[in-house]
Amino acid sequence: LGVYLQWAQAVEREGRAPENITGQGARLRFRTFGTFKVFLDDELVPAARFRRFKALTVLKFLAAHRGRLVTREALIELLWPEADPARAAGNLRVVLHAVRRGLEPDLPGGQASSFVLNQGDLVYVDASERVWVDAEEFAERSRHGAALGGQGRQEEAIAELRAAAVLYGGDYMADDPYSDWCLFERERLRELYISLLRQLAALLSQRGDIAGA
């Protein structure tokens, strides 16, 4: 917890993510727990750089679906569910341009984005190790910690579960409390966090660390 607080305080104070905390080697990092934040090469990307609120919404949605192809129709339904399809398609092109420019303001005109990619009518965020999402690592470490505990590898399990707990910095997409698209994932991750804490408390209790438990 102390490491997380140092990281969060440094981010708020300097607009910079300290090295060797999480997402080692990634160029683009998404913090989805608590207030949504984006870091490019360890520098905080100001929300104002995206210029349009809907551009930030699209970026959140794409980050939440990283590794999966998202149709333009799904993005239109997210942003303009009642709009004329032709007009909405034009608006979406403008919003996606704002997303790409927000992430890479120096990108030459006509050059493809390094992070927000497309295949015809499908849009997606790069799924390689160049991009890191805190919720993905949280879920993976939670599963790994539980598996280690089931194998009787108590100390390794405790370390992994603690590392996962550090990543949970608040509700998932907390600045979108009324958005339906992230509600299910928010509840799933919250339940996973509670389960993680119970497992961690049980493991600590088993080794006699009652105060820690």
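This is a predicted model: local features need pLDDT of at least 70, side-chain atom pairs count only at pLDDT 80 or more; totals for chains, interfaces and linings use all residues.

Colleague: Let me pick a helix, α4. How far apart are its end C-alpha atoms, and what should the helix span?

Modeller: Helix α4 runs over residues 85–103, and because each residue is taken at 1.5 Å, its 19 residues should span 27 Å; the end C-alpha atoms are 27 Å apart, which agrees.

Colleague: Which residues of α4 are buried, and what do they pack against?

Modeller: The buried residues are A88, G90, L92, V95, L96, A98, V99, R100, G102 and L103. The buried residues of α4 pack against the strands β1 (28–31), β2 (37–40), β5 (116–119) and β6 (122–125), and also against the helices α2 (53–64) and α3 (72–79).

Colleague: Changing topic to aromatics: how many aromatic pairs are there?

Modeller: The count comes to eight aromatic pairs. One of them is F33 with F138, where the ring centres are 5.3 Å apart and the planes stand at 80°, so the pair is edge-to-face, as planes over 60 degrees apart are classed that way.

Colleague: Where do F33 and F138 lie in the chain?

Modeller: F33 lies in the loop between β1 and β2, while F138 is in helix α5 (residues 134–150), so the pair ties together parts that are 105 residues apart in sequence. Both F33 and F138 are buried.

Colleague: What about F33 and Y168, how are those rings arranged?

Modeller: F33 and Y168 form a tilted aromatic pair, with 4.8 Å from centre to centre and 40° between the planes. This pair also links distant parts of the chain, since Y168 sits in the loop between α6 (154–167) and α7 (183–206), 135 residues from F33 in the loop between β1 and β2. Y168 is buried, as is F33.

Colleague: Which residues make up the aromatic cluster with F33?

Modeller: The cluster is formed by F33, F138, Y168, Y172 and Y193.

Colleague: On to the strands, then. In what order do they come in the open sheet?

Modeller: Four strands form the open sheet in the order β3-β2-β1-β7, and the pairing is mixed. The edge strands are β3 (43–44) and β7 (131–133), each of which pairs on one side only. Within that sheet, β1 and β7 pair in the parallel sense over three bridges, and L28 stands opposite V131 in β7.

Colleague: And β5 with β6, parallel or antiparallel?

Modeller: β5 and β6 pair in the antiparallel sense over four bridges, and V116 has V125 in β6 as its bridge partner. The two strands form a hairpin with two residues between them, and G120 in the turn has a positive phi of about 60°.

Colleague: Is E160 buried or exposed, and what does it touch?

Modeller: E160, which lies in helix α6, is buried with a relative accessible area of 15%. Leaving aside its neighbours within four places in sequence, E160 is in contact with R141, H144, G145 and L148.

Colleague: Last one: what lines the second largest pocket?

Modeller: The second largest pocket has a volume of about 190 Å³ and is lined by 14 residues, of which A64, A135, E136, E185 and R188 lie nearest its centre. Helices α2, α5 and α7 each supply at least two residues of that lining, and the largest share, four residues, comes from α5.

Key
Residues are numbered from 1 along each chain as its sequence is written. Side-chain values use heavy atoms; hydrogens and water are left out. The expected span of a helix is 1.5 Å times one less than its number of residues. Buried means under 20% relative accessible area, exposed over 50%, partly exposed in between (1.4 Å probe, protein chains only). Contact means heavy atoms within 4.5 Å. Rings of Phe, Tyr and Trp (its six-membered ring) pair if their centres lie within 6.5 Å; planes under 30 degrees apart count as stacked, over 60 as edge-to-face and the rest as tilted. Two strands pair if DSSP finds at least two bridges between them. On a 1 Å grid over the protein atoms alone, a cavity is a set of points where a 1.4 Å probe fits but cannot get out, and a pocket is an open set with protein on both sides within 12 Å along at least five of seven lines; lining residues have an atom within 4 Å of a point. Grid points are joined across faces, edges and corners, and a volume is the space filled by probe spheres set on the points.
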